[in-house]
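Reader: I would like to learn how to read helix packing in a model. Please take me through one case.

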Amino acid sequence: MSLFGVFDISGSAMTAQSVRLNTTASNLANADSVAGRPEDAYRARHPVFAAQLQELSANPEFDPAGVGVRIVDVVQSPAAPVKRFQPDHPMADAEGYVYGSNVNPVEELTNMISASRSFQGSVEAMTTARDLLLKTIAMGR
C-alpha cells in the first residue's frame with residue numbers, strides 16, 4: 001500500500017467518528033425529553049462500524065477506497081425508558097406516568113471524548129503521511 005492509502009483509511013475513520021459525534025450530540029440533546037407512552041420515548045442511538053478489508057494483491061479490480069471503516073447501521077438502545085410518576089405533567093398518561101429517554105449522560109460524554117480522540121488520531125495519521133510524502137518529494141530534488 002502506498003502512503004496515499006493512509007488518506008483513504010484515515011478519511012473513512014474521520015467520517016465514522018463524525019457520525020459517532022453527531023449521534024452522541026443527538027442523544028445528549030434528547031436526554032431530558034419525555035413522552036406520554038413508552039413507545040414514543042426517545043431511545044439512545046449508537047452507530048455500528050465495520051472494518052472494510054480487501055486483499056492487497058496484483059488484482060486489477062482492487063479498490064483502495066474499499067479499505068477503512070464503514071458505517072453499517074445506527075441502532076437504538078434496547079434499554080427501557082425511564083418511567084416517572086408526574087400526574088401534573090401535560091404529557092402524563094391516564095395513570096399519571098411520563099416516560100423519559102434511556103440516555104445515560106455520563107456514558108454519552110465518555111463516548112464523545114473517545115470519538116473526539118479517535119478523530120484526532122486519524123488527523124495525526126494523515127498529517128504524518130503528508131509530512132512523509134513531502135520529505136520524499138524533497139529528497140528527489
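Reader: Which residues of helix 2 are buried?

Author: Buried means under 20% relative accessible area, with exposed over 50% and partly exposed in between (1.4 Å probe, protein chains only). In helix 2 the buried residues are Glu-108, Asn-111, Ala-115, Ser-122, Ala-129 and Leu-133. This is a predicted model, where local features need pLDDT of at least 70, side-chain atom pairs count only at pLDDT 80 or more, and totals for chains, interfaces and linings use all residues. Residues are numbered from 1 along each chain as its sequence is written, and side-chain values use heavy atoms, with hydrogens and water left out.

Reader: What covers the buried residues of helix 2?

Author: The cover includes helix 1 and strand 2 (45–52). Helices (H or I, at least four residues) and strands (E, at least two) are DSSP runs, numbered from the N terminus.

Reader: How do helix 1 and helix 2 pack?

Author: Two packed helices are described by the angle between their axes and the distance between the axes. Axes are lines fitted to C-alpha atoms, for helices over the stretch in contact, and angles run from 0 to 180 degrees between N-to-C directions. Here helix 1 (residues 4–29) and helix 2 (residues 105–139) pack at about 160°, with axes 9 Å apart. Helix 1 is therefore roughly antiparallel to helix 2 (angles under 35 degrees count as roughly parallel, over 145 as roughly antiparallel, 65 to 115 as roughly perpendicular and the rest as oblique).

Reader: Which elements does the protein have, and in what order?

Author: The protein has two helices and five strands, running α-β-β-β-β-β-α from the N terminus on.

Note on methods
Contact = heavy atoms within 4.5 Å.
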